Amino acid sequence: MQPESVERTTTRYILNQQLLEDRKVRRLVRRVITGTPLTMESLKKGVPPGAQEEADAEGEDEEDDEDDEQAEATQRGSRSERAIARARSEMLERLDALPAATEGLKRICPSLGALFDDKFGVSTVAQSNVAPNVYRRFFIQISAEESMLQMTTKPALDALEAFITAPTHRNASILVEIPAVHELLSYEKGLGNAFPEITMDVCRWILNRGRAVLNSLVKGPQPPKMPDSSVEKPWQQV
């Protein structure tokens, strides 16, 4: 270490710096919202259970003298059915993960879970409603594996606090350093004069979680100021 270097002993590394601290919940959320939107209509497009096995069995009973063109058409149909069956199976797995994802979010932040349930919940799937992409992108960022410090900074949290104190459209527009929040607010400000209370609660949770992570990284007072490199040092013989 150089003699003039400053040793920073006031910071530390901690685990679980993600916005969603629970790893299982992060995975469940991403599982539900990744891929084709879950709707009852899309689920009905899949191949019914057992249909693929019947199709394969019928293919094995075909006559040997069947012409090549018909055989190729049959193979293409079989591959298509298998692809549809796989897609349907994947959708069912995502549907099964939905209740646990919703409940996990509600335990962390009731309003966050309620927002997720409103846009991606079972009733939304049953009605074949598709949430605007802005909500999908919001929850993708919320459930990211990276440290939340990559999506926000202390000045950005200060700006978020200012918005929560005075939730005006102007204050919302300056939150560009928190893309997940900025895009969501930009969309919702076009829906009415006031931001939904559920969104405001989610913003408060993001602020509190961000402050908690930042505070946990600091063990003591702020580090000393770095020496001014522009100051000329006395000449020393070596």
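A salt bridge, as the term is used here, is a side-chain nitrogen of Lys or Arg lying within 4 Å of a carboxyl oxygen of Asp or Glu. By that criterion, the structure before you holds eleven salt bridges.

Colleagues, please note that this is a predicted model, in which local features need pLDDT of at least 70 and side-chain atom pairs count only at pLDDT 80 or more, whereas totals for chains, interfaces and linings use all residues. Residues are numbered from 1 along each chain as its sequence is written, and side-chain values use heavy atoms, with hydrogens and water left out.

I begin with helix α11, residues 197–217. Helices here are DSSP runs of H or I with at least four residues, strands are runs of E with at least two, and both are numbered from the N terminus. Helix α11 has 21 residues and reaches 31 Å from its first C-alpha to its last, close to the 30 Å expected at 1.5 Å a residue; the expected span is 1.5 Å times one less than the number of residues.

Which residue does Arg209 meet in a salt bridge? The partner is Glu21, with 3.7 Å from N to O. Glu21 sits in the segment before α1 (23–33) and Arg209 in α11, so the pair links distant parts of the chain, 188 residues apart. Is Arg209 buried or exposed? Arg209 counts as buried because its relative accessibility is 14%, while Glu21, at 45%, counts as partly exposed. Buried means under 20% relative accessible area, exposed over 50%, and partly exposed in between, computed with a 1.4 Å probe on protein chains only. Other buried residues of α11 include Trp205, Ile206 and Leu207.

In general, an α-helix has 3.6 residues a turn, so residues three or four places apart point the same way. Both partners are partly exposed, Arg204 at 31% and Asp201 at 28%.

Next, the pairing of α11 with α8. Arg211 and Asp158 meet through their side chains in a salt bridge of 2.8 Å, N to O. Arg211 belongs to α11 and Asp158 to α8 (residues 154–165), so this pair ties together parts that are 53 residues apart in sequence. Asp158 is partly exposed, at 33%. A network of salt bridges links Lys154, Asp158, Glu161 and Arg211.

Contact means heavy atoms within 4.5 Å.

Finally, I turn to Thr39, in the loop between α1 and α2 (40–44). Thr39 is buried, with a relative accessible area of 7%. Its C-alpha atom is separated by 6.4 Å from that of Ala126, 87 residues apart along the chain. Leaving aside residues up to four places away in sequence, Thr39 touches Val125, Ser128, Asn129 and Val130.
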